[in-house]
Amino acid sequence: MLAKCEDHEQLEKVDTGSARPSGTPRLPIRQRIKNLTGFTFEQSGLIISFSCSNLLIFMCVYSITPFFANNEETTKRKITLPEVGIVFAMHPLMIALSSPIFGKSLIKIGPRMGYLFGITTMGLATILMGCLNYVLWHDNFLVLSILFRGLGGLGAATALTSCFAIIGGTFSNRSALVIGIVEFSIGVGSMIAPPISGSLYNAGGFILPLICMGSLTVLSVPLHYALLPNNLEVRAHESGDLFALLRIPSVYGISFCCGVSAGVINGIYAITTPYLESAHNLTPQEIGLPLMAIAATYTIFSPIVGHLSNKFGYTRPYIAAGLAILAISLLFIGPAPFFNLPDLFSVSVICFAFLGVGSIFTVVNILPALNKAAISHGMPDDFATASLLAGVFVSVLSAGECLGSLIGGELTHYWGFAWTTSFFALLCILAMMVCFLLVFTDRRPSTGSTIPVCNDEGELSDDKKSKQENNLITENISEIM
């Protein structure tokens with residue numbers, strides 16, 4: 001958990017109906033923000049920073065998608081499509097490999113330093129990618145592309161792990177809502193980056209979009225520095241116990257659900273364009289419609305799903321619901337060969353839209369579910385655990401994205417589009433069954449001890465402790481959910 005500023009806690013206790021004390025000019029502003037958003041002044045600043053940083057990071061990630069695979073620069077250097085695939089895959093691969101390491105080490109690095117370092121590295125890597133315009137030889141261009149793309153992945157891994165660790169530590173009771181807001185920014189960045197980048201490419205060539213995106217990201221660092229509270233200190237002195245986390249069975253089940261959801265969506269992105277071109281003879285604009293539907297519904301429903309999860313407190317039932325939506329949509333997108341249904345483009349567009357809804361129901365609730373699983377099995381409720389869980393979450397999400405594209409392409413080559421989407425649907429059904437199994441079978445180990453409940457100063461409250469001991473069995477069900 002993260003330490004909170006004591007003077008701010010006193011401000012929250014002031015009656016808003018009473019006259020404002022003299023000498024406290026910032027009190028009305030802070031209290032109005034608290035009343036309007038439900039978040040404290042410092043928490044609101046963190047949410048603004050996380051939204052802006054994730055927007056810019058994913059704009060950098062998707063800035064090369066409109067032109068890198070087919071433009072004058074890569075054609076002139078004889079870069080093949082498999083080599084382009086390696087360049088694209090390097091980013092999620094580096095995130096998947098490095099996020100658990102950063103999650104384990106974040107307690108030593110510090111969340112503030114890790115967050116700012118990751119944003120800066122991502123921006124600089126994008127700028128360096130644009131400078132490849134001046135590299136003429138094929139081998140040099142390819143090696144540097146992979147290197148800079150991997151460097152960007154390291155920066156994104158550090159920033160995202162720090163971001164979600166702070167969310168888990170600061171917004172423990174409302175983490176799903178904040179994750180929904182952050183995912184909204186990610187969706188917006190993923191949607192607007194390709195058209196903006198394509199327009200800049202037409203105006204200034206290969207270098208302009210990458211330089212602009214990277215520079216904007218680096219220049220935003222002072223803003224994030226100002227928005228991060230000065231008292232962003234961790235109440236833990238040792239790194240989280242990774243082996244203790246890996247001994248929790250439900251962590252594997254929840255991670256499997258996360259990987260399946262991410263892999264299915266990215267697999268669909270990889271195989272949809274060639275299928276629609278051949279099956280429906282669509283124009284590029286028409287092909288973009290179903291893909292845009294996924295991003296649009298994902299973005300729109302992000303804060304809604306976060307609010308629902310925060311209001312009702314359930315995580316695993318929502319994950320299962322999201323997987324069910326994904327499975328049903330995939331069966332009708334193909335459509336599944338055993339249904340013997342006509343392949344209608346209008347039905348496909350609707351089902352693509354529901355893919356975004358199902359995906360966000362799953363992704364928003366993964367980190368809160370992991371947190372509940374870890375705490376219910378005796379791990380300390382501190383920043384060390386939060387950073388460890390954030391590393392696992394970001395790693396599994398990126399691994400699913402990387403594997404989904406590869407598996408989807410291979411299966412489509414041998415089985416075709418309809419059987420591939422049916423296989424993805426089967427994976428979602430399997431993950432949903434695992435999730436339901438965890439809801440009804442996963443229980444807190446009976447060690448005879450209770451989980452400490454801390455107050456805002458990090459001290460164990462006696463009345464909370466006795467209340468927790470008296471309601472231990474009742475709380476077990478809600479913590480698992």
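The crossing of helices α3 and α9 is left-handed, a term applied when the near helix is turned anticlockwise from the far one by less than a right angle, with clockwise giving a right-handed crossing. The contact is formed by L56, M59 and C60 on the α3 side and by M213, G214, L216 and T217 on the α9 side, where contact means heavy atoms within 4.5 Å. By class, five nonpolar, two polar and no charged residues take part in the contact of α3 with α9; Ala, Val, Leu, Ile, Met, Phe, Trp, Tyr, Cys and Pro count as nonpolar, Asp, Glu, Lys and Arg as charged, and the others, Gly among them, as polar. The model is predicted, with local features requiring pLDDT of at least 70 and side-chain atom pairs pLDDT 80 or more, whereas totals for chains, interfaces and linings use all residues. Residues are numbered from 1 along each chain as its sequence is written, and side-chain values use heavy atoms, with hydrogens and water left out.

Two packed helices are described by the angle between their axes and the distance between the axes. For α3 (residues 41–61) and α9 (residues 207–219), the packing angle is about 155 degrees and the axes lie 9 Å apart; axes are lines fitted to C-alpha atoms, for helices over the stretch in contact, and angles run from 0 to 180 degrees between N-to-C directions. Helices α3 and α9 are therefore roughly antiparallel to each other, given that angles over 145 degrees count as roughly antiparallel, under 35 as roughly parallel, 65 to 115 as roughly perpendicular and the rest as oblique.

From α12, the residues S250, I254, C257, V260, S261, V264, I265 and I268 meet R316, I319, L323, L326 and L330 of α14. The contact of α12 with α14 comprises 10 nonpolar, two polar and one charged residues.

Within helix α5 (residues 81–109) lies S99, which counts as buried because its relative accessibility is 0%; buried means under 20% relative accessible area, exposed over 50%, and partly exposed in between, with a 1.4 Å probe and protein chains only. The side chain of S99 reaches the backbone oxygen of I95 at 2.7 Å. When residues up to four places away in sequence are not counted, S99 touches A157, T161, G391, V394 and S395. L388, in helix α16 (residues 383–415), is also buried, with a relative accessible area of 2%. Although L388 and S99 are 289 residues apart along the chain, their C-alpha atoms are separated by 9.1 Å.

The loop between α14 and α15 (345–376) contains P335, and a cis peptide bond with omega of about -15 degrees joins G334 and P335. N340 lies in the loop between α14 and α15 and has a positive phi of about 55 degrees although it is not a glycine. N340 is exposed, with a relative accessible area of 70%.

For the protein as a whole, the secondary structure comes to 19 helices and zero strands, where helices (H or I, at least four residues) and strands (E, at least two) are DSSP runs numbered from the N terminus. Of the 481 residues in the protein, 52% are buried. Among contacts with a separation of 6 or more, 82% are accounted for by residues 24 or more positions apart.

Note on methods
A polar contact is a pair of N or O atoms within 3.5 Å; within protein, one must be able to donate a hydrogen and the other to accept it, and residues adjacent in sequence count only if both atoms are side-chain atoms.
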